[in-house]
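This briefing goes through selected side-chain contacts and the annotated positions of one protein chain. Please keep the sequence and the model in view while reading.

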Amino acid sequence: MRKFFGTDGIRGRANVFPMTAEMALKVGMAAGLAFQNGDHRHRVVIGKDTRLSGYMIENALVAGFTSVGMDVFLLGPMPTPSVAMLTRSLRADLGVMISASHNPFHDNGIKFFGPDGFKLSDRIEQEIEELAESDMTARLAGASDLGRARRIEGAQQRYVEFAKRTLPRAMRLDGLRVVVDCANGAAYKVAPEALWELGADVVTLGVTPDGYNINKECGSTSTDGLARKVREVRADIGIALDGDADRVIIVDENGAVIDGDQLMAVVAQSWQAHDRLSKPGIVATVMSNLGLERYLDSLGLSLARTKVGDRYVVEHMRLEGYNVGGEQSGHIVLSDFATTGDGLIAALQVMACVKEQGRSVSEVCRRFDPVPQLLKNVRYGSGAPLEQADVKAAIEDGEHRLGNTGRLVIRASGTEPLIRVMAEGDDASLVNQVVNDITDVVAKSVA
């Protein structure tokens, strides 16, 4: 069992274990040792979002990596997918992103990428944990072998050019008015710049980070402001990124929200028509709507489901050879271009479909009617609520009531102390009853 790694790296409240400077120092040392292979000068790429605590975590990681002889390339505020891309481009041995993604500013996290740009396996994360909890004194670098740290100039421009090249050759976004909400996060410079350089008329939101306002009433988890702005300026499309820009939610010209399931359907249908799907299907998680599965089936495409977490989606894509996958929350993984979810690239692919078809976003992106689905969270302090007998009985009863007309997914969050209860089915009333009954029992068990 991993102690401080969750479903997406290490995450927690800033300056509280495990997100302390001391732990970041140890994790930097451990990860540096785990990825040393050969006698060349080893290097690590570090990016971050705009949280106040990013300064503390970044400096502690730098101290850890340089103490074991690794050179550090600092990118500053950059999207998570750009760190993965630049890790490969700069031939680094390791990539690190300091971010808590869509969480509030008071949280932070550390995500790792291997030299291939992919997130680490459970086994390697376990190895890093064990090293971090051991005495690494004997393995520190000598005084003449310490690493150096330097800022990388031009990193933002490299990512902007990379993102632009993912569009079909000669395609431009001229004529599209785009509102982009960068969540006061990592993409506040690169996303508007890329869209503008591609010819779009760009209106920006969430591009004034102050260390505290990341994801605050903005971004992919709070799209009301984006919807209002789209209607106000009569934009063709709204793009909402999260704090580290690895996920995206789209708003159509009417201000209606389009989630990751619909976006995957758009890309899947388009890529199927252009013979670009590497396999006849896509990969999503257990949280994706049953409506998506039915729509794909109507196209002769399959839906493979994984555990929640984009890295599990990517692992299955790599194992089985898929090139489209993602999550309902907006992580869209297009492995022809990227090794992880990339909100900007996903948005560009959707806009390419809009330009190609010459229709509105609402017409292009409404591919299926989702079945009624309800997700509720119950916060808990400690213990294992899902192991309680009364909770197990309530879950079993819910599964029996839904039968073959729906699905029930119960899980503990990997990033927050929450029990997530999701049900979906053709009968909205039954779905609501099942979720409410189960959450009531869970709440009583943790009271």
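**Charges over rings**

Lys 307 lies over the face of Tyr 312, at 4.2 Å from the ring centre. A charge sits over a ring if NZ of Lys or CZ of Arg is within 6 Å of the ring centre and within 35 degrees of the ring normal. Lys 48 is placed in this way too, with its charged end over the ring of Tyr 55, 4.0 Å from the centre.

The model is predicted: local features need pLDDT of at least 70 and side-chain atom pairs count only at pLDDT 80 or more, while totals for chains, interfaces and linings use all residues. Residues are numbered from 1 along each chain as its sequence is written, and side-chain values use heavy atoms, with hydrogens and water left out.

**Annotated positions**

- The UniProt annotation "binding site", from an unreviewed entry, covers Ser 101, Asp 242, Asp 244 and Asp 246. These residues span 146 residues in sequence, yet no two of their C-alpha atoms are more than 7.9 Å apart, so they gather at one spot.
- UniProt (unreviewed entry) also lists Ser 101 for "modified residue: Phosphoserine". UniProt positions are given in the numbering used here, feature names are shortened, and annotations may be inferred rather than shown by experiment.
- Ser 101 lies in the loop between β5 (94-98) and β6 (107-113). Helices (H or I, at least four residues) and strands (E, at least two) are DSSP runs, numbered from the N terminus.
- Ser 101 counts as buried because its relative accessibility is 2%. Buried means under 20% relative accessible area, exposed over 50%, and partly exposed in between (1.4 Å probe, protein chains only).
- Asp 242 lies in the loop between β10 (237-241) and β11 (248-251), and is buried at 1% relative accessibility.
- The side chains of Asp 242 and Ser 101 make a polar contact of 2.9 Å. A polar contact is a pair of N or O atoms within 3.5 Å; within protein, one must be able to donate a hydrogen and the other to accept it, and residues adjacent in sequence count only if both atoms are side-chain atoms.
- Asp 244 lies in the loop between β10 and β11 and is buried, with a relative accessible area of 0%. A polar contact of 2.6 Å joins its side chain to that of Thr 80.

**Aromatic pairs**

- The count comes to seven aromatic pairs. Rings of Phe, Tyr and Trp (its six-membered ring) pair if their centres lie within 6.5 Å; planes under 30 degrees apart count as stacked, over 60 as edge-to-face and the rest as tilted.
- Phe 105 and Tyr 212 form an edge-to-face pair, 5.2 Å centre to centre with 70° between the planes. Phe 105 lies in the loop between β5 and β6 and Tyr 212 in the loop between β9 (201-205) and α7 (224-233), so the pair ties together parts that are 107 residues apart in sequence.
- Phe 105 is partly exposed at 29% relative accessibility, and Tyr 212 is partly exposed at 45%.
- Tyr 159 and Phe 162 form a tilted pair, 6.2 Å centre to centre with 35° between the planes. They are three residues apart in helix α5 (residues 155-164), so about one helical turn separates them. Both Tyr 159 and Phe 162 are buried.
- Phe 4, Phe 5, Phe 17 and Phe 112 are linked into a cluster by ring pairs.

**Salt bridges**

- Side chains of opposite charge can pair when their charged atoms come close. The structure holds 29 salt bridges, each a side-chain nitrogen of Lys or Arg within 4 Å of a carboxyl oxygen of Asp or Glu.
- Glu 133 and Lys 3 meet in a salt bridge of 3.4 Å, N to O. Glu 133 lies in the loop between α4 (122-132) and β7 (149-151) and Lys 3 in the segment before β1 (5-6), so the pair ties together parts that are 130 residues apart in sequence.
- Asp 8 and Lys 119 meet in a salt bridge of 2.8 Å, N to O. This pair links distant parts of the chain, with Asp 8 in the loop between β1 and β2 (9-13) and Lys 119 in the loop between β6 and α4, 111 residues apart.
- Asp 8 is buried at 8% relative accessible area, and Lys 119 is buried at 16%.
- A network of salt bridges links Asp 8, Arg 11, Lys 111, Lys 119, Asp 244, Asp 246 and Asp 310.
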